[in-house]
Amino acid sequence: MKSEQNTYTRLPPQPQCSGSIDFRELQFARAMEFTICEINNRADLLPGITLGYQIYDSCVAVPMAVKVTFQFANGMEPLFNDTNVCSKSGIAAVPALVGESNSSPSISMARILGLFGIPQVSHIATCACLSDRRQFPAFLRTVPSDHHQAAALARIVKYFGWTWIGAVRSDSDYGNYGMASFLKAAQEVGICVEYSEAYYRTQPRSKLERVANVIRSSTARVIVAFMASGDLQPLLEELLRNPMRPLQWIGSETWIINTKFLRFNLCAGAIGFGLPKSVIPGLREYLLDLSASQVLKSPLLKEFWESSFSCSLAGSSEGTRVCDGSEDIRALQNPYTDTSQLRITNMVYKATYAIAHAIHGVICNDRQCDKSIQFAPWQILEQLKKVNFTMKNGNRVMFDSNGDPVAVYELINWQVQKDGTLDFVTVGHYDSSKSKGEEFSINKAISWVGGQTEVPVSVCSESCPPGTRKAVQKGRPVCCFDCIPCAEGEISNRTDSLNCMQCPPEFWPNAKRDSCLPKSVEFLSWDDNLSIILTAFSVAGAFTAVCVATVFYRHRTSPIVRANNSELSFLLIFSLALCFLCSLTFIGQPSEWSCMLRHTAFGITFVLCISCVLGKTIVVLMAFRATLPGSNVMKWFGPPQQRLSVIVFTLIQVIICVLWLTISPPFPFKNLKHYKERIILECGLGSAVGFWAVLGYIGLLALFCFVLAFLARKLPDNFNEARFITFSMLIFCAVWVTFIPAYVSSPGKFTVAVEIFAILASSFGLIICIFAPKCFVIMFRPEQNTKKHLMGKVPSKSI
């Protein structure tokens, strides 16, 4: 029956309508014819309705596309091959259009058709701008928006670790909008662009040469080309004129699945996202079912036939042979006859079916269609927004609120085959309907530029290893940086770290500064060589004190022992033994009890020792004072008073220590400030006043004892003990005066060692100066151990 509805598309040839024809676009047009025939033969879709169509060639020119759009909207029937003559056909405005292929003409058409509510369903116009419902309310498409493709391309660039890339684009709506979307997505994931150049095929050759030179001189090894096929071809030809190092090409869907570019070996290893390959049953037979008589009925097919076989039908062209009927279309190998891919062609198939389903929704009810129903194009538009069906080849057709389908791509890789030719290989997929992080997958090995199996490297600066941080180079993109080692005490434990992290207080970086290790703990341990030496001296000192006590005890009745106040002497020897042993409390890991014990034991034992020495000094002074006529001073400083003085002096130190331990006692703590790389375990003073009060009291007693002994040093006697006490107190004071600056400035465990040394040195000074001469006389000069000698009755050699 006669066509009840008209559906229009366009068929652009090469850039100028000069007689040449784009075989790929012809396949798209014939695919629409095939689809309409298939629909017309179906009983379940538009039963009793025969769809008609008309094809118009816009010559890939926006003005031509605008002109025919007005003709469609006004019901004017266009005529082929005559752009100046239009005849009024009287037909109604078309209800829907399939096309245009390019984004720029589609944008112009969609602005006009939107005013009339006439739906336009494009099969390959991918510009993201066409998703704007406010500007293009009647535009829909079966091909995904470049917004998704740009995001997918940025995702794959990031996936393979390329952070330094070049970019070229068509200087058109398709290229400019697509590249803008890609650059935005690339910036969000940290990809830097060394250059971004634009070229359009009608621009001067100087512009083409400049773009080619920029590509040749760049340092980026990866180039993203968001270009239409007509713009990329002259660029590739220009690059071939002066060979350069191989580049890894990343292509947009327009050219990455175009078979005519497989001849460019410089693109071997190229990857990009293309529309899914599909199968349309019966299409190949339909395309090849042509004869010379059929071709003569269509100007488009006539042009195709004459161009393919280089002959003239019915002698229409001079200088060429006449087609004789022996031409076999099945022997041709060109984009028209190639049905191995059917990627964009499948989008035409889906677009045509979508319009048919929309018309069905308007005029049909169940399986009955009312031919008499009058409807407006906007009704078809509303039905198009609702379509949701699955075609017999398994493809689902539906549109979102922006008129776009779900973005589904195949990751295409140009791989060299065994025969040396390039071919498309699907190595992965992208599906925007999947959850975030699962949209992209790779399931086959990829062949890279030059046939490499390893992913090429394209970075402005090599990755900063752990232990360093990135420092952006002034005036350059963020992908160009220097690797700065982390500062002292900081680490970075991942590659390309922007900042270094401070280690926790008790940790310190390892040599590579990529991890924090526990700081080594330092204290004066028992197995330390220094500890062993100090312990040996401490034990030796205590043993010496025991030996002296033994000698004194065995000769306790001898004049020299009795004359030197044996009771105070034994108490002094006992206190000296304690002084030697108290140094051992400073060795080992500090604990709460050891910290309190070491300082209090040291303070009390030394006061006990100095108190005994002081008592002996006073006894010497009192003894000589008692020899004066009428003096009874000794009755005021007899043995009871001597004991009491020792107890009182010692009790004062005990009180100071108790107050110190009560108010703010010493405590163990980890010194993290003295050394950055290790921890010093030491005893905190708690109250510094308490510590210096203990030391000050010891110093005060020692100074008082020294003064008294110094005053009594020249009293007449063959064995004046005051001289030895003076010398011992001189050593004692010198040791402890020297100890203060040494204690303050000594680092770590040496602080404790200095304190132990001071204790041992002063203790040895006392025991040697006070008791060594006596023991020498007792053991080796018994003849001098007599009362007469001690009283000066017998002259003797000074010891």
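Tutor: Begin with pairing: two strands pair if DSSP finds at least two bridges between them. Strands (E, at least two residues) and helices (H or I, at least four) are DSSP runs, numbered from the N terminus. In this predicted model, E27 and strand E28 (residues 678–684) pair in the antiparallel sense over 5 bridges. One of the residues involved is Pro668, whose bridge partner in E28 is Cys683.

Student: What should I know about the model before going on?

Tutor: It is predicted: local features need pLDDT of at least 70, and side-chain atom pairs count only at pLDDT 80 or more, while totals for chains, interfaces and linings use all residues. Residues are numbered from 1 along each chain as its sequence is written, and side-chain values use heavy atoms, with hydrogens and water left out.

Student: In what order do the strands of the open sheet stand?

Tutor: The order is E26-E28-E27, an open sheet of 3 strands with mixed pairing. Strand E26 (520–522) and strand E27 (667–671) are at the edges with a single partner strand each, so one side of each has no neighbour in the sheet. From one strand to the next, the twist averages 30°.

Student: How do H2 and H3 cross?

Tutor: Axes are lines fitted to C-alpha atoms, for helices over the stretch in contact, and angles run from 0 to 180 degrees between N-to-C directions. Angles under 35 degrees count as roughly parallel, over 145 as roughly antiparallel, 65 to 115 as roughly perpendicular, and the rest as oblique. The axes of helix H2 (residues 62–74) and helix H3 (residues 103–116) come within 9 Å and cross at roughly 20°. That makes H2 roughly parallel to H3.

Student: Which residues of H2 and H3 make the contact?

Tutor: Contact means heavy atoms within 4.5 Å. Among them are Val62, Ala65 and Phe70 of H2, and Met109, Ile112 and Phe116 of H3. By class, the contact of H2 with H3 has 10 nonpolar, 3 polar and no charged residues. Here Ala, Val, Leu, Ile, Met, Phe, Trp, Tyr, Cys and Pro count as nonpolar, Asp, Glu, Lys and Arg as charged, and the others, Gly among them, as polar.

Student: At what angle do H1 and H11 pack?

Tutor: Helix H1 (residues 23–40) and helix H11 (residues 299–309) pack at about 140°, with their axes 12 Å apart. That makes H1 oblique to H11. Phe23, Leu26 and Arg30 in H1 meet Leu301, Phe304, Ser307 and Ser308 in H11.
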